[in-house]
Amino acid sequence: MPAIPRPIPDSASLSPKSSARGFEQMSARRIYIFGGIALIAAGLLFGDIFAVFILHQNAGRQGEALLAASRAVAAGNTAAVNEAFRHLGSILEDRGTKVDAHVHMIDAGYLALLLALVQPYIALARQTKKSLAALFMAGGVLLPAGIFLIHYVGLAGSPFAAIGWASVLADSAGALLILVLIVQAWGFWKYLGSRQLGEPELPDEDSMPRRALLTGGTILVLLGFVHGAYYAGTLLYEHERMETVILQRLIDAATAGNLEAATAEVNNFGNLAGARAVNIAAHSHIIEFGLLAMLLSFVQPFVFLSEKWKRRWVKLLLGGSVILPVFVLLELKLGLLAGGIADVGGLMVIVSLSGMLVGILRYSGGLDAAERGAEEGT
Amino acid sequence: MMTGSRKLLIFGGMALAAFGMLYGLQYALFVEHQTLDHMGGSLTQSFSAAANRNLAQSQAALEQYGETKYDYVRQVDAHSHWIGLAMLMIVLGVIFEQVNFSEGIRQLVALSLLAGSALFPLAVILQTYHHGAIVLKALAVVGSALVIAALAATAWGFAKPRTTA
């Protein structure tokens, strides 16, 4: 494999005019970039839909199940207690699988962007790398799809005692991702032996969008850490203590037959769960958006848009990345209004990612052409 | 060019990620399911005992639930923070030459990030063996402070206009 001189497109070659040259065939790197951003955008959209149509309703059903358990305690009905907790388990599974599907889709997108970064250091044939990229994308889609279906498919038609077909699908997709990563690691090992780049590295441009994404991303991660430290230092232990205190009061009220007090404690429990959930969600979302901004800074050379539009998408992304976690936190004080604004923040990030995706689709493939040329020794 | 600070972040991050994943794998295989069963079972038992008007057993089961959840939350948090911080280190390692400080300062920042990323989740996990130990809480604070300081320096370094190649 020939050594590659340092790359390639200067800003002129990335100007919109050169798109008239037509599209190069997609390289593995561009599949990872396009697929990764698409997975992240789809995961965020799913998260937004989940937040609007499912999350609050699910929390209400959890409260109803706990209320039913307290009524069963008051009535001295052990069987009804067990049934209430079985139902609560099902509600939690419903919620948990949707959160997991959302998280896994986004994380697969992050991993795809990371793999895009390391492609120059993977010493494998171009076609092999493309096939691996396609397999990775298939795994990245099937894994969250399988997780999502777990609650609905259950154990129907499954030959296993505790694992349903949806779990099999999710596990198989996860195994596919692991397989791709192992082959990538092998390719990296081969690179370490030869120390020759298989394709050009990403251009080291010093543009405003890139610097804004890097700085903004790091600040977002930093804010997430500061908030996490604040939460751990001031609220975490109190929330943990209050959980058992409220449950004890709930049990005491139910045992005494005081259903009104029991209902009040169920509401307290719901409020506490809400307080914990919004703090954890704000902490994790702001850090994830920070990481996303940093990863997107790497792929800006592939976003084939004018500088003005690149800046717009970057501002929209960073704006949404701040609005969503801040208003998730404010849900406790402002209620559904804040929830709605948080969803708009999520939508801003999705729109920004879609804008960048358009830029990647418009990209004429200068880097890909160089990669192919390198492999052909031209 | 692979500078010392980049090596520290990339290879330190890879080692930390591998460790975090292995820790998570052993926890998932040998501990997690039992813990979740224990947690759900304790809560159900607490309510069932209350339905049978056995309040002492109900309270004991509820305490079991609280303690099990305390451990579970920290085990999962430590595992995910190790991997998350490792991923952040790897990403930063790729572009750390764009942090516009001298290589000496960059190495100090990278070392601070690595030390904090390893120490903070470790202190959290150790709390499951000694509930509420002040020393361990202090270690967790020191670890997270190292990470926060390193990230603040990194953000500053990214924001500075490039002065060196």
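Hi everyone. Let me start with chain B: of its 165 residues, 42% count as buried. Buried here has a cut-off: a residue is buried if 20 or more other C-beta atoms lie within 10 Å of its own, exposed if 12 or fewer, and partly exposed in between, with C-beta atoms placed from the backbone.

A word on the ground rules. This is a predicted model, where local features need pLDDT of at least 70 and side-chain atom pairs count only at pLDDT 80 or more, while totals for chains, interfaces and linings use all residues. Residues are numbered from 1 along each chain as its sequence is written, and chains are lettered from A and ligands numbered from 1 in the order in which they are written.

Back to chain B. It has four helices and zero strands. Helices (H or I, at least four residues) and strands (E, at least two) are DSSP runs, numbered from the N terminus. The radius of gyration of chain B is 21 Å, whereas a compact globule of 165 residues would be near 15 Å. That radius is taken over C-alpha atoms, and the globule rule is 2.2 Å times the number of residues to the power 0.38. Along its principal axes, the C-alpha trace of chain B spans about 75 × 30 × 25 Å.

Now chain A. Here we find nine helices and zero strands, and 45% of the 378 residues are buried. Among contacts in chain A with a separation of 6 or more, 84% are between residues 24 or more positions apart. For chain B, 79% of the contacts between residues at least 6 apart join residues at least 24 apart. In contact means that the C-beta atoms, placed from the backbone, lie within 7 Å.

How do the two chains meet? The contact takes 32 residues from chain A and 30 residues from chain B. On the chain A side, the elements giving two or more residues are helix H1 (28-75), helix H2 (78-118), helix H5 (208-255) and helix H6 (259-298). H5(A) gives the most, with 17 residues. By class, that side of chain A has 19 nonpolar, ten polar and three charged residues. For those classes, Ala, Val, Leu, Ile, Met, Phe, Trp, Tyr, Cys and Pro count as nonpolar, Asp, Glu, Lys and Arg as charged, and the others, Gly among them, as polar.

Let's look inside. A nonpolar core is a set of buried Ala, Val, Leu, Ile, Met, Phe, Trp, Tyr and Cys residues joined through C-beta atoms within 7 Å. The largest one has 113 residues, of which A:Tyr32, A:Ala112, A:Ala293, B:Met89 and B:Val147 touch the most other members. H6(A) supplies the largest share of this core, 13 residues. Apart from it lies another core, of 27 residues, with A:Phe85, A:Leu247, A:Ala253 and B:Leu62 among them.

Which residues does A:Ala112 touch, not counting those up to four places away in sequence? They are A:Tyr32, A:Gly35, A:Gly36, A:Leu39, A:Phe136 and A:Gly140.

Next, A:Ile246, which is found in helix H5 of chain A. Is A:Ile246 buried or exposed? It counts as buried because 20 other C-beta atoms lie within 10 Å. Leaving aside neighbours within four places in sequence, A:Ile246 is in contact with A:Glu265, A:Asn268, A:Phe269 and A:Leu272.

Buried residues in H8(A) include A:Ala342, A:Met348 and A:Leu353. Their cover includes H1, H6 and helix H7 (307-334) of chain A.

Two arginines deserve a glance. A:Arg195 has a positive phi of about 60° although it is not a glycine, and A:Arg195 is in the loop between helix H4 (165-194) and H5 of chain A. B:Arg53 has a positive phi near 60°, in the loop between H1 and helix H2 (55-94) of chain B.

Finally, confidence. pLDDT is the predictor's confidence in each residue, from 0 to 100. Chain A has a mean of 88, and chain B averages 91. In chain A, confidence is lowest in helix H9 (residues 366-376), at a mean of 59, and highest in helix H3 (residues 126-153), at 96. Over residues 1-23 of chain A, pLDDT stays under 50. The model scores ipTM 0.88 and pTM 0.84.

Technical notes: Contact = placed C-beta atoms within 7 Å.
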